[in-house]
Amino acid sequence: LDSEDTLRMIMHLAVPRLAEWADVSLVMEDGSLQRLETAHADPAKLRWALELDKRFPRDPNIDAGYRVVRTGTSEIYPAIPDELLRAGTQSEEHFQIIKELDLRSAMIVPMKIQEKVLGTITFIRSSSQKPYDEEDLEFAESLAARSALALSNARLYREAQEANRTKSDFLAVMSHEL
């Protein structure tokens with residue numbers, strides 16, 4: 001019932017079969033989008049990507065993940081032109097660093113229950129892999145729906161456990177006072 005561990009495992013299973021890069025992010029109570037896990041086929045690139053995230057924090061105004069959260073709609077990029085990369089970066093330096101990654105195709109899919117978006121899953125391929133297509137997007141959306149269900153169920157379970165503890169504590173205090 002540890003949904004976050006399950007989501008982490010999914011990211012590591014997706015790489016390198018479905019993506020060279022995979023990322024899962026969760027919507028926090030304040031509406032921000034926080035990365036839970038990033039996976040990459042090359043551990044050195046993963047460390048570099050995590051450092052890049054620290055240098056250039058996500059900007060809700062330009063980050064495609066935030067757009068997917070707001071709309072609840074998947075985005076697929078069979079090809080990633082420079083204009084798209086530039087639109088998602090915060091500076092010329094950021095753009096040049098991202099360009100060096102040789103990102104060629106991407107999908108960002110919402111993890112949602114009914115209409116509530118709990119987070120996003122991002123899959124990225126480099127030039128060494130075929131571009132994403134509608135069949136890949138359908139698979140990714142199915143994976144995201146199942147991930148959202150697991151996340152929701154785990155949260156409900158934790159809330160029920162907490163409610164039972166609170167009830168038990170209350171009953172213990174009441175029986176002691178009587």
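**Helix packing and overall architecture of the predicted model**

Helices α2 and α5 are roughly antiparallel to each other, a class that covers angles over 145 degrees, whereas those under 35 degrees count as roughly parallel, 65 to 115 as roughly perpendicular and the rest as oblique. The structure is a predicted model, in which local features need pLDDT of at least 70 and side-chain atom pairs count only at pLDDT 80 or more, while totals for chains, interfaces and linings use all residues. Residues are numbered from 1 along each chain as its sequence is written, and side-chain values use heavy atoms, with hydrogens and water left out.

The axes of α2 (residues 43–55) and α5 (residues 92–100) come within 12 Å and cross at roughly 165°; axes are lines fitted to C-alpha atoms, for helices over the stretch in contact, and angles run from 0 to 180 degrees between N-to-C directions. The crossing of α2 past α5 is left-handed, meaning that the near helix is turned anticlockwise from the far one by less than a right angle. Trp48, Leu52 and Arg55 of α2 and Glu93, His94, Ile97 and Ile98 of α5 make the contact, defined as heavy atoms within 4.5 Å. By class, four nonpolar, one polar and two charged residues take part in this contact of α2 with α5; Ala, Val, Leu, Ile, Met, Phe, Trp, Tyr, Cys and Pro count as nonpolar, Asp, Glu, Lys and Arg as charged, and the others, Gly among them, as polar.

The protein chain contains six helices and five strands, taken as DSSP runs (helices H or I, at least four residues; strands E, at least two) and numbered from the N terminus. Their order from the N terminus is α-β-β-α-α-β-α-α-β-β-α. The C-alpha trace of the protein chain spans about 70 × 35 × 30 Å along its principal axes. Of the 178 residues, 42% count as buried, that is, under 20% relative accessible area, with exposed being over 50% and partly exposed in between (1.4 Å probe, protein chains only). Among contacts between residues at least 6 apart in sequence, 61% join residues at least 24 apart.

Thr120 lies in strand β5 (residues 116–126) and counts as buried because its relative accessibility is 0%. Not counting residues up to four places away in sequence, Thr120 touches residues including Asp23, Leu33, Val68, Ile108 and Met111. Thr71, in helix α3 (residues 64–71), counts as partly exposed at 48% relative accessibility. The C-alpha atoms of Thr71 and Val117 are separated by 9.0 Å, although these residues are 46 apart along the chain.
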